[in-house]
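Q: I am new to this structure and would like to learn how its features are read, one at a time. Could we begin with the terms and then turn to the cases?

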Amino acid sequence: MAETDRDDLITILEDEYPEDTIPTIIPMMPLRDVVIFNDMLLPLFVGREKSVKAMEEAVGKDRFLLVVTQKDPGIENPKPEEIFEIGTVSRILRMLKLPDGRLKALVQGVSRARIIKYVRKQSLYRVKIEVIDDPPIPEITLKVEALMRNVRENSEKILALRGELTGDVAPILESIEDPGKLADLVASNLRLKIDESQKLLEIVDPVARLTRVNDILSREVELSSMQAKIQSDVKDEISKSQRDYFLREQMRAIHRELGEQDEKLQEIEEYRKKIKKAKMPQEARKEADKQLRRLEQMHPDSAESSVVRTYLDWLVEMPWSKSTADIIDIKKAKEILDKDHYGLNKVKDRVLEYLSVRKLNPKTKGPILCFVGPPGVGKTSLGQAIAKAMKRKFVRISLGGIRDEAEIRGHRRTYIGALPGRILQGLKQCGTNNPVFMMDEIDKLGADFRGDPSSALLEALDPEQNFAFSDHYLNLPFDLSKVIFILTANMTDTIPSALLDRMEIINISGYTTEEKEIIAKNFLFPRQIRENGLKPKNVNISPGALTQIIEEYTYESGVRNLERELGSICRKAARKIAEGKKGVFRITKNTLSAYLGIPKYLPEMDQDESQAGLCTGLAWTYTGGEVLYVEAALIGGKGELIVTGQIGEVMQESARAALSYARANLPALGIDENIFDNLDLHIHVPAGAIPKDGPSAGIAMATALISALSNKPVSSYVAMTGEITLRGRILPVGGLKEKALGALRGGIKTVIIPEKNKKDLSEIPKNIRRKLKFIPVSHMDEVLALAFEVDPTKAES
C-alpha cells in the first residue's frame, strides 16, 4: 500500500486495523503550537520535509506516530533538545496528499509516551519510546466523584457563557466515568497555552490531572463571567446614551418653545468672542474658526467634543499678541543688578549691553544666553534680576532629567491627555509673548526611545527660526523671537555641539573668600534674618566668625551652603528669643561651635610638610576647582604600574605617559636605570569614592612618580596643572580660573601652569593673582626644578 500512496492523491486507510500493539521504535513528528491528548481527534497540515517522511513511514507500517510538541514554535527544524520529552502516540486515521507535496491528515491520540532515545535524526526522526499508562484507580471515592461532577458543571458553564452549549454535551460528559479520560477530554477543548497543556500531559496520575483541570476550569469560569459582564455593561451604556440623547433633544425643543437660549449655542458664542479678542495671526484664526464649526456640529457629550473644547481653550488663552512694554533705564537696570548680585561684572556688562541695543533698536532679536558655572553662584537669580530690570515677566522651567521630546514640542492631539510642550505652557502661564524665559540645567537633558529633547530645542533657541516655532499640540506657528531665553548649566561637555552653537556662553566662576564675606554680609545674612522673623538688632556675627564659617563649615564655589549655615544660626537665635531670652546674640569665633557644631572641613594633613612621592594637583569639577593630591609609592615587584583611586581612562593614560617619560629619562634624572627590575610603582589619588578623569593631572602624576623614585620631597605649597607628553612637553588645560580658586581655598601659595595658559591669567581677578604666584612652564624639566626647590616664603612675596 505504501507504493500506491506515492502516486495517489488520497489515501483512506482500511477500517480493519491490526492489533493495537504500540511498537517501541516508531517515527516521531514535532508539532508547533498544539498538544495532543489521549482520544483527541486532530486534523493536521504537514509541510516540513522530516514530518512528511515520518508520516509516510508510519502509514507504510502500522500507522502509529509519536506526536510531540516543540518548545519554541518559531523554530523551523527543531533539534532533539528543542522538543519536549513526553508526547502522545497517535494513530493516523486518514491522510490526504496535496498537489504541492504537503499532507493533510487526521490523527487520534492513543497513549502517552516518553522518548528514551533518538534512533535516527537525519532524514526523519525515529525514536525509542516508553509507553506511559495511567495507573489503575481501585475505586471511585466520594472525593473523586465530587471532583468529576465539578469538572462537568464548570465545563457546561464555560460553554454556556461562550454561547456554545448544545444538548449533546451533557450526555457525553456524563457517559465518561474514568477520571483520566474526563481530564483529557476537557483539557483538549480548553484554550490553553502550550506550556500549560504540556504540563497537563505530563501528569500521569489521573486524579491529580483531573484536579489540575478543575483549577483551570474555575479560573476560566471567572474570566468568562467577567467578560460577559463587561459586554453587558457596554450594551447597557449604549442604551443609556441613546436614551440621554433623546431626552436632551426634548429639552432643547422645550427651551426653544419657551424662548430660552440653548446652552450649546451660548458656549459657541462665547468661544467666538474669545477668538476675536485673542487677536490671533491669520493662520491660527482660520484653524480656530474651523474647530469652532466642528464643535457646533458635534453632540455636546461626545468624546471628540471635549478634545476640541480643550484645543480651543489653549488657542484663545495663548498670548498671540500680548506683550509687556519694555521700560529700559540703563542706570536703573545697573542699580537693580548691583543690588541683587555682588561682582559678576562680565555678566552684568553683557546684560546692560543688550538693554542698550534694545533701547536703540526695539526690533532686535532676543539673545540666547547660557550661564555656565558651579551650583550656588547665582545663575537663576541673575535671570530674575534681568526680568526685573526690563519690567518683563519671568518664566522658569527645569530641564534636568527630561527624556521625552514631547516635553518640549508637546503631544499630538490624537493622544489622550495631550498637552502643549513646556515652552508654550510657560508662555500661557505668564500671559505675555515676550518674557524672560529661563531653562535651568540644560546640561542634564537626557534622550531615549521617546526622542531627543535637545534636538527639539534647536528650533526654539535659533533666532533665525523661532519666529515660527511649531508645537505638536497646537500644530500652528508661534512667534518666539520676542522671548529672551536664558539657559543655565554646570558644564558644557554634555551639551550637544549643535545646541551649544546657538548659545552665547557666559562663564560664572566661583567666589573668593573675600567676595563670600561681602555677599554674606550684604545679601545672605540680612535675608535669613528676615525669613526667620528676626530683626538686625537681635543677632550679630563678627567678621572672624564669618570667615571661619566660609573656610571651615563650607567647601564650595558658590554660596548656597553658606546661606544654609547662616540660616541655621538664625533659627537657633529665633528659638532662644521664642523661649523668652533677651539681648543681642553675638556670634564670634569662640561661640560659633555652639551654633554650628564642630567644623566640617579642615585643611589636609599632608599640606603641613613636604613629602617624597606626594604632589598637589588641581582639578576642575562641575562644582568648581578643587585640590587633588597624587601619591606615588615603590613596592616590591617586576616594574608594573598600579593605578587606584577610581580614575577614568584619560587619567590612566596620563599616568602611563608619566611613567614612560620617567623611564626614558632615568639617567638624566639621576636615578638607577635598573630600579624597575625589582620594584612596582603604585600611583593613588585619594578620595577613592569620587570618580576622577581628565588629562590635567599629568604633570602632577609625573612629579609624584619622579619624587618617589629620587626620594626628593615636593613642596607642599606648590600645586600644578597641565597635560604631559612622552617628550616631556606641557600642554594647555582648561578651567584655570576655577582651579586657581580651588588652590586658594586649599592654602596653596604657588601654582605651576602651562606656558600656553598664560593668556588665561587675565581672566583671573587681581585680588587672586596677588595671593597666588603663577609660574608658566613649557617642559617637565622646569616643573621638577620648581617643585623640588620652591621656597614658600619667597613665593608669598
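A: A residue is called buried when its relative accessible area is under 20%, exposed when that area is over 50%, and partly exposed in between, with a 1.4 Å probe and protein chains only. Helices (H or I, at least four residues) and strands (E, at least two) are DSSP runs, numbered from the N terminus. This is a predicted model, in which local features need pLDDT of at least 70 and side-chain atom pairs count only at pLDDT 80 or more, while totals for chains, interfaces and linings use all residues. Residues are numbered from 1 along each chain as its sequence is written, and side-chain values use heavy atoms, with hydrogens and water left out.

Q: Which residues of α2 are buried?
A: In α2 the buried residues are S51, V52, A54, M55, E57, A58 and V59.

Q: What span should helix α2 have, and how far apart are its end C-alpha atoms?
A: The expected span of a helix is 1.5 Å times one less than its number of residues. Helix α2 (residues 49-60) has 12 residues and should therefore span 16 Å, which agrees with the 17 Å between its end C-alpha atoms.

Q: How many salt bridges are there by the rule used here?
A: Side chains of opposite charge can pair when their charged atoms come close. The rule asks for a side-chain nitrogen of Lys or Arg within 4 Å of a carboxyl oxygen of Asp or Glu, and by this rule the count comes to 36 salt bridges. One of them joins D184 and R112, whose closest N and O atoms are 2.8 Å apart. D184 lies in helix α5 (residues 179-189) and R112 in strand β6 (residues 103-120), so the pair ties together parts that are 72 residues apart in sequence.

Q: Are D184 and R112 buried or exposed?
A: D184 is buried, with a relative accessible area of 3%, and R112 is buried as well, with 1%.

Q: Which residue forms a salt bridge with E196?
A: The partner of E196 is R212, and the closest N and O atoms of this salt bridge are 3.3 Å apart. Since E196 lies in helix α6 (residues 194-201) and R212 in helix α7 (residues 206-258), the pair ties together parts that are 16 residues apart in sequence. E196 is buried at 16% relative accessible area, whereas R212 is partly exposed at 34%.

Q: What do the side chains of R219 and E220 form where they meet?
A: They meet in a salt bridge, at 3.6 Å from N to O. R219 counts as partly exposed because its relative accessibility is 37%, while E220, at 13%, counts as buried. Elsewhere, salt bridges that share partners join R112, D134, D184 and R209 into one network.

Q: How is the phi of a residue read, and what is the phi of D39?
A: Most residues other than glycine have a negative phi, and most peptide bonds are trans. The phi of D39 is near 65 degrees, a positive value in a residue other than glycine. D39 is found in the loop between β2 (25-31) and β3 (41-46), and is partly exposed with a relative accessible area of 42%. K391 also has a positive phi, near 60 degrees; K391 lies in the loop between α13 (379-390) and β9 (394-398) and is partly exposed, at 41%.
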